[in-house]
Amino acid sequence: DLELDGCAVRLEALAQEHPQRIALLRRRAVILNELGRTDDAITQWQALLERAPGDRELKAVFADVLADAGKTQEAATLVETLRDDRPDDGELRLQLAGLYKKLDRPDDAAAQVRAFRDASDGSLTSGVRAVRTLERLELNDQAEAMARDLAAAFADDPANAYAANENLAELLFRLDKRDEATGLWTAAAAEATDATAVLSAARALSSRGLTTPALDALIGRVDDFPADPELLAALADAALRDGRPEAAAVHLRPWLGALTDVEATGRAVTTAARVARSAEQEVSLIDELTAATPRTDGETWLLAALLEQTNDPGGADALLSPEPGEEDQQPETLVRARVELLKGRGQNVAAADILETFVERPGNIRSVLVRELIDLYSRDLRTDQALAWVERWKQASPGSVSPWLQQAALLAGEGKDPAALETLQTASRRFPDDLSVSTALADAFTNAGRTNDAARIYWNLYDQADSISAKLP
């Protein structure tokens, strides 16, 4: 409140210096309302409306201020006048619906939402918004009826049928009609023609704790999309959550075979190893992968992880170690497998050495790899080497703020606050519009006791913010 009080005082002074800037008065009015000084806020809004009597937006906002001050009938009367002047303005109808609800006029509130829907473009988006408005106003029966109408209206529209049904299912779940909601999501997964829709329905179930129907839905469709990596990943995750890892174990090799991205392969290996352990199939999977010819790099990574997991680190090392003289030809997937193996053992120095050798290859200085290399050096307290790689990262990614922020964090971690501050000042000159750099620099100024410099940055950020929520800490 003290900070907002200061803002209000400063805005009042600025408004006196620049009386032509209505935006200053408006900001002050908003802050006064946030502070609970409603009478002062109303006086400020009235002054604003005298200067801009035809501004519809100002009047609509003023109506909300009146409602917040308990003058709901006055607010409704004002919005009714605005609506009559602009009958096609749907936003005014939604605003009026909220005011009618506060006035205990639920039928009138629902009528305004229906009028908004009838006057809209007829899209699913506007329909969903109307449903959610009714729900927010606690007009649940009307919300459910409209959601059912939407689902029926878009049933034959391939682009919107699923979303309309999902909107209904979500509402029914929130209204505690969970069996019907579960049935809708289950049917959506069974009837979907693409893996994305199957995944969406399964995730809707899983995110609400309905892990058994989520897993059943995925099991029912996995044979239709046997090479879809996202669906197979969801199946493995759901099997672990539902305590049925054996349902996913048979699909581990197809999952890894469908992956081409190294990062995704690493995540898949971690999950697959958990599935194998939970399903008590580690030994059988090791035997299967050992005998596999040919074996993909992802499968080799999984085999090494399983050997490590079953207390055979020597076997894992032998599997992943390149032949003498072929270190420079080892594919990235297996290099990353070696790095992850060593990291898991806490051997960060050895992991960094392997990764650095790989990154030194032509074309391999990529942000994701350099970040990991810097992290490994930092864990081992080799800050000088980490900082050296930050410089190379800057050269490889001249348009990225990330290496500058990383450098400042490393320097600050070493107690070199002046150097960290200097880094951020340089970054601020190079990236003057980047919020993360500005915020980090302001924090650094504050830590250095240079509060005036910090305040200057915070005021600039305040002036650039679009909403009151963005202006508050």
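In this predicted model, Thr300 counts as buried because its relative accessibility is 7%, which falls under the 20% cut-off. Thr300 lies in helix H19, which spans residues 297-309. Setting aside residues up to four places away in sequence, Thr300 touches Arg295, Leu319, Leu320 and Leu334. One of these contacts, Leu319, is 19 residues from Thr300 in sequence, and the C-alpha atoms of Thr300 and Leu319 are 7.7 Å apart in space.

The nonpolar interior was examined next. In soluble globular proteins, nonpolar side chains tend to be buried together. The largest nonpolar core in the model comprises 48 residues. Within this core, the residues with the most contacts are Leu218, Leu231, Trp255, Val275, Leu285, Leu302 and Leu306. Of these, Leu285 touches Leu252, Ala276, Leu302 and Leu306 when residues up to four places away in sequence are not counted.

Helix packing is illustrated by H12 (residues 195-206) and H13 (residues 211-221), whose axes come within 8 Å and cross at roughly 160 degrees. The two helices are therefore roughly antiparallel, since angles over 145 degrees are classed in this way. The crossing of H12 past H13 is left-handed. On the H12 side, the contact is made by Val198, Ala202, Leu205 and Ser206, and on the H13 side by Pro213, Ala214, Leu218 and Arg221. The residues of this contact comprise six nonpolar, one polar and one charged. Leu218, a contact residue of H13, is also among the residues with the most contacts inside the largest nonpolar core.

Definitions and conventions
Residues numbered from 1 in each chain as written. Predicted model: local features only at pLDDT ≥ 70, side-chain atom pairs only at ≥ 80, totals over all residues. Heavy atoms only, no water. Axes fitted to C-alpha atoms, helices over the stretch in contact; angles between N-to-C directions. Helix = DSSP H or I, 4+ residues; strand = E, 2+ residues; numbered from the N terminus. Parallel < 35°, antiparallel > 145°, perpendicular 65-115°, else oblique. Left-handed = near helix turned anticlockwise from the far one by under 90°. Contact = heavy atoms within 4.5 Å. Nonpolar A, V, L, I, M, F, W, Y, C, P; charged D, E, K, R; others polar. Core = buried A, V, L, I, M, F, W, Y, C linked by side-chain atoms within 4.5 Å. Buried < 20%, exposed > 50% of the residue type's maximum accessible area, 1.4 Å probe, protein only.
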